[in-house]
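Here is a short walk through one predicted model. Keep the sequence and the 3D view side by side as you read.

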Amino acid sequence: MRENARVAADFKGFQAFKGDYQELVDEISELLGAPATLENRDFELIAFGAYDSDDELDPSALDPVRTRSILTRRSTATVRAWFEGFGITRATGPVRIPPTPEAGVYRGRICLPVRHRGVALGYVWLLDSDPGPTDAQLAAAMEVAGRIGALLADEAEAGAGLSRELRAVLTAEPGWQQDMAVAELRTALGPRADGPLTLVCVAPWPSADPEDAPAARTIPHATALCTLPWGPSEQSLALLVRLRTPEVTTPALAAATRLLKEAEGVQGAMGGGGRGGGAGPRSGAAAPGGATRGGGSGAGVAAPGDAARGAGARAAAAAAGTSGAARVAGGAGSAGGAGSARGAGCAAGVGDPRTGLAELGTVWQEAAAATRAALAEPRFGPVAQWARIGPYRLLTALSPQAAHDPVVGPLLSPAHRELARTAEVYLDCAGQAGRTAAELGIHRQTLYYRLSRVEQLTGLDLDDGEDRLLLHMALKRARL
């Protein structure tokens, strides 16, 4: 009970942090006579301190990087690497970063590292000027930055507590263990536990490192999040989302979309050599190029080629989506086809809303099932709702062995992929030969020949309703 009370107190403090950050950032702005912004160590915008001065009317103060950083609230991995190249992750005092006009950074920046017990937890950013702040002013600002560091540490501890509570609920065995976990989470959440809620599942989440998961504070309407196992060697991300009414799931859909973007950023950072935090000196890092991307508090600069890489990634994703759509239309049918769809990236699923926490375990099963459906059938994705995945609500509940019915097994081998594709499209078209042939772009006689081969391989009669049902379920289930 004492632990429950502590977690509940931490959660109340967690809700108050945002206002405290704003006050502290405003205090720095007043001390230095310049607007300041606060980011966490992942370059996510926390607070923006507006300062009323003639300098704010200077167009150079509103360079594209500064504008985008405030609007987008997050930077890219390339942005992090570039700014960390100035040693901000190791600095214990102010760091000056020169202007780079060719990249849209018209004004230099001053970075005040926010540390707590020797650990960098965030950064305060200011526009540099001539003459800039005095040493005495910067020393006073660093004292405030130290108080921000203590607050960030407290918030991290409170968020970690909620993550533990949520993970305990979603991993507990049904029965008294889950009931106890739900009771502890309800105590931690307080009145928020009684409103309409739902869960979002994002999988496969690209990193097993909890620090790569975004802070719940940065996701609108989020209450808590945690990572959970997804298959034998991968992770998923679970997000508890509060809703205004059970009928309107827009906040959950928006949160799911945001998490998919976060996953893309994490995957990009890992592809570029892992997380940038604490990296060694990058004195030879290339100066930013002409393209700019959104980022935290004015740190958002893209190095040369970043835009091209982003365009290439989008083109690859589009190509993957196209091939997935073709697989749906053509009915790939094999387990290999499902794997290919999954390889295109991660997907998100949203469970049906509930009021209160009593059915949270069921909501998680729904969200995870919707995610699996979106990974198997791109037409459901990238964000699938449990209520809209049709027969996959039943298929996802089947045991894994159900995907390999011995009668249908021969059809799922790579050698017969085209036959499986033909059979699935035929069944998707309700057994209408004309529609099927048109969908596949083949002659009717070719269709009839392929269907006869399907019957020979499986021993099923495609004129029999139950045989059709078995074949259709097996082909769809194989995608999962």
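Some ground rules come first. This is a predicted model, in which local features need pLDDT of at least 70, side-chain atom pairs count only at pLDDT 80 or more, and totals for chains, interfaces and linings use all residues. Residues are numbered from 1 along each chain as its sequence is written, and side-chain values use heavy atoms, with hydrogens and water left out.

Start with strand β5, residues 119–127. Helices (H or I, at least four residues) and strands (E, at least two) are DSSP runs, numbered from the N terminus. Eight of the nine residues in β5 are buried, meaning under 20% relative accessible area with a 1.4 Å probe, protein chains only.

β5 pairs with strand β4, residues 109–116. Two strands pair if DSSP finds at least two bridges between them. Here there are eight, and the strands run antiparallel. Arg109 has Leu127 as its bridge partner in β5. The hairpin of β4 and β5 has two residues between the strands, and Arg117 takes a positive phi near 55 degrees there.

Strand β1, residues 36–40, also pairs with β5, antiparallel and over five bridges. Ala36 is bridged to Leu126 of β5.

Now find helix α9, residues 360–376. Of its 17 residues, 14 are buried.

Finish at Thr436, in helix α12, residues 433–440. Is Thr436 buried or exposed? Thr436 is buried, because its relative accessible area is 0%. Not counting residues up to four places away in sequence, Thr436 touches Thr422, Val425, Tyr426, Cys429 and Leu447; contact means heavy atoms within 4.5 Å.

Note on methods: Buried < 20%, exposed > 50% of the residue type's maximum accessible area, 1.4 Å probe, protein only. Expected span 1.5 Å × (residues − 1).
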